[in-house]
Amino acid sequence: MLVCELGQTLIATCMLAIIPNLACGAKPFGIIEHVVTLAAHRGRGYGRLVLEHALDLAWSAHCCKVHLLSGTQRTEAHRLYESVGFVGNVESGFVVKPKGTA
């Protein structure tokens with residue numbers, strides 16, 4: 001879990017998981033989830049800081065790639081993800097959730 005604090009306030013977070021892998025020459029891959037910035041602090045670069053740090057950690061761990069899923073309606077967040085290097089049309093993402101959940 002990566003966090004960005006301003007004073008005593010937690011203002012931005014993301015979670016990076018590094019997953020062992022048999023493909024890609026046995027290099028691991030990363031998954032980033034739960035990218036959140038407090039609404040009052042959006043647009044100031046804090047989300048970018050945690051994402052860039054997460055990517056630095058993934059590349060330091062020799063990850064062959066990093067996945068990030070985002071709701072299709074979150075176009076403002078997509079601009080942030082693209083600005084740090086994510087490309088939305090390289091692979092297709094699929095999600096399954098337990099029955100009875102949103």
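Figure 1. Leu10 counts as partly exposed, at 42% relative accessibility (buried means under 20% relative accessible area, exposed over 50%, partly exposed in between; 1.4 Å probe, protein chains only). This is a predicted model, in which local features need pLDDT of at least 70 and side-chain atom pairs count only at pLDDT 80 or more, whereas totals for chains, interfaces and linings use all residues. Residues are numbered from 1 along each chain as its sequence is written, and side-chain values use heavy atoms, with hydrogens and water left out. Leu10 belongs to strand S2 (helices, H or I of at least four residues, and strands, E of at least two, are DSSP runs numbered from the N terminus). Together, Met1, Val3 and Leu10 make a nonpolar surface patch of about 310 Å². Patches consist of residues with over 30% relative accessible area and no salt bridge, like charges being joined within 9 Å and nonpolar side chains (Val, Leu, Ile, Met, Phe, Trp, Tyr) within 5 Å. Accessible areas come from the Shrake-Rupley method with a 1.4 Å probe; for residues, only the protein chains shown count as cover.

**Figure 2. The largest nonpolar core.** This core has 21 residues, of which Cys14, Ile32, Val35, Leu51, Leu68, Tyr81 and Phe86 touch the most other members. A nonpolar core is a set of buried Ala, Val, Leu, Ile, Met, Phe, Trp, Tyr and Cys residues joined through side-chain atoms within 4.5 Å. At least two core residues come from each of strands S1 (2–6), S2 (9–19), S3 (29–37) and S4 (66–68), and from each of helices H1 (46–60) and H2 (75–83). The most is given by H1, with six residues. Apart from its neighbours within four places in sequence, Val35 is in contact with Thr13, Cys14, Leu51, Leu68 and Tyr81 (contact means heavy atoms within 4.5 Å).

**Figure 3. Cysteines without a disulfide.** The structure holds zero disulfides, a disulfide being a pair of cysteine sulfur atoms within 2.5 Å. For Cys24, the closest cysteine sulfur is that of Cys64, at 3.2 Å, which is too far for a bond. Cys63 is likewise in no disulfide, and the nearest cysteine sulfur, that of Cys64, is 7.0 Å away. Cys24 is partly exposed at 44% relative accessibility, whereas Cys63 is buried at 8%.

Figure 4. Glu52 pairs with Arg48 in a salt bridge, with the closest N and O atoms 3.7 Å apart. A salt bridge is a side-chain nitrogen of Lys or Arg within 4 Å of a carboxyl oxygen of Asp or Glu. Because Glu52 and Arg48 are four residues apart in H1, about one helical turn separates them. Both residues are partly exposed, Glu52 at 33% relative accessibility and Arg48 with a relative accessible area of 30%.

**Figure 5. The salt bridge between Glu91 and Lys65.** The structure holds two salt bridges, one of which joins the side chains of Glu91 and Lys65 at 3.0 Å, N to O. Glu91 lies in the segment after H2 and Lys65 in the loop between H1 and S4, so the pair ties together parts that are 26 residues apart in sequence. Glu91 is partly exposed at 45% relative accessibility, and Lys65 is partly exposed at 29%.
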